[in-house]
Every structure is written in C-alpha cells, then in structure tokens.
Amino acid sequence: QVQLVESGGGLVQPGGSLRLSCAASGRIFSINVMGWYRQAPGKQRELVATITRGGSTNYVDSVKGRFTISRDNAKNTVYLQMNSLKPEDTAVYYCNVQMLVIASAYDYWGQGTQVTVSS
C-alpha cells in the first residue's frame, strides 16, 4: 500500500557530494518522522539522520556538519545532502518513514541505495 522509492546513490570520490531522495507514494496518511539509515558490510545498521514534520533534525556525530536532511511535506519526500564524503561513508542507505494512523505508528523502508566513496 505504501512505497518508498530511493534514488541518488552512486560512486563518488572522497570530498565529493551526493544527494539522496526518497519519495513515498500510495496510501499516505500522516507522516511523522522521516529518516535515513545506513549499513556498511559487516556492520550494524545505524541511524544517520532524522527530521520531524516540523523540521527538527538529529544527526549521528560522524556526519554532523557534512550531511543535511530535509523534507518536502507536499511531495512526501525526504532528502539527504551529503558533502565532503569520506570512504567510511560507504554503505547502503535506507530511508525510513514513520506514519501515524489513528493511535498506531507504522514504519516503512525504502529499497536501499548504494553509496560508494572511493578514489
């Protein structure tokens, strides 16, 4: 019923930039928190950044000052602008959407997009 489609991943050199997008479609009700997670080979999935409907943001320490999360509520889309990329940023990035329906909360995940930072 709800689909999250990610785009924007790819191969980039250290110091470069990428912009990830994630658009939600389908039975959309009230979207609360949107966020980005990432998982590197052999590592646990970690939370990268979140943004509330009102625009409050949180970032993992390792990306502060380099990444910016934003959202367009009219388009049900969340973005992740990644600047000054480092090899350690290499991972599969997943978007996440928390939807509120009556008194329940539901989480939806994107398919993942590969980000590779290498020279």
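In this report, helices (H or I, at least four residues) and strands (E, at least two) are DSSP runs, numbered from the N terminus. By that count, the protein chain has 11 strands and zero helices. Read from the N terminus, its elements go β-β-β-β-β-β-β-β-β-β-β. You're looking at a predicted model, where local features need pLDDT of at least 70, side-chain atom pairs count only at pLDDT 80 or more, and totals for chains, interfaces and linings use all residues. Residues are numbered from 1 along each chain as its sequence is written, and side-chain values use heavy atoms, with hydrogens and water left out.

**The chain as a whole**

Along the principal axes, the C-alpha atoms fill a box of roughly 50 × 25 × 25 Å. Of the 119 residues, 36% are buried; buried means under 20% relative accessible area, exposed means over 50%, and partly exposed is in between (1.4 Å probe, protein chains only). The accessible surface, from the Shrake-Rupley method with a 1.4 Å probe, comes to about 6,400 Å², and 47% of it belongs to carbon and sulfur atoms. Now for contacts, meaning heavy atoms within 4.5 Å: among those between residues at least 6 apart in sequence, 54% join residues at least 24 apart.

Two strands pair if DSSP finds at least two bridges between them. Here's how strand E9 (residues 91–101) pairs up.

| Partner of E9 | Bridges and sense | Example of facing residues |
|---|---|---|
| E4 (residues 30–39) | eight, antiparallel | serine 30 and leucine 100 |
| E10 (residues 104–109) | six, antiparallel | valine 101 and serine 104 |
| E11 (residues 113–117) | three, antiparallel | valine 92 and glutamine 114 |

The hairpin of E9 and E10 has two residues between the strands, and isoleucine 102 takes a positive phi near 55° there.

**Arginine 38**

Let's zoom in on arginine 38, which sits in strand E4. Is it buried or exposed? Arginine 38 counts as buried because its relative accessibility is 6%. Its side chain makes polar contacts, a term for pairs of N or O atoms within 3.5 Å (within protein, one must be able to donate a hydrogen and the other to accept it, and residues adjacent in sequence count only if both atoms are side-chain atoms). One goes to the side chain of serine 62 at 3.4 Å, and another to the side chain of aspartate 89 at 3.0 Å. Leaving aside neighbours within four places in sequence, arginine 38 also has contacts including Glu46, Phe67 and Tyr93.

**Threonine 90**

Threonine 90 is in the loop between strand E8 (77–82) and E9. With a relative accessible area of 22%, threonine 90 is partly exposed. A polar atom of its side chain lies 2.9 Å from the backbone oxygen of proline 87, and the side chain also reaches the backbone nitrogen of valine 117 at 2.9 Å. Not counting residues up to four places away in sequence, threonine 90 touches Ala40, Gln114, Val115, Thr116 and Val117. Threonine 90 and valine 12 are 78 residues apart in sequence, yet their C-alpha atoms are 9.7 Å apart in space.
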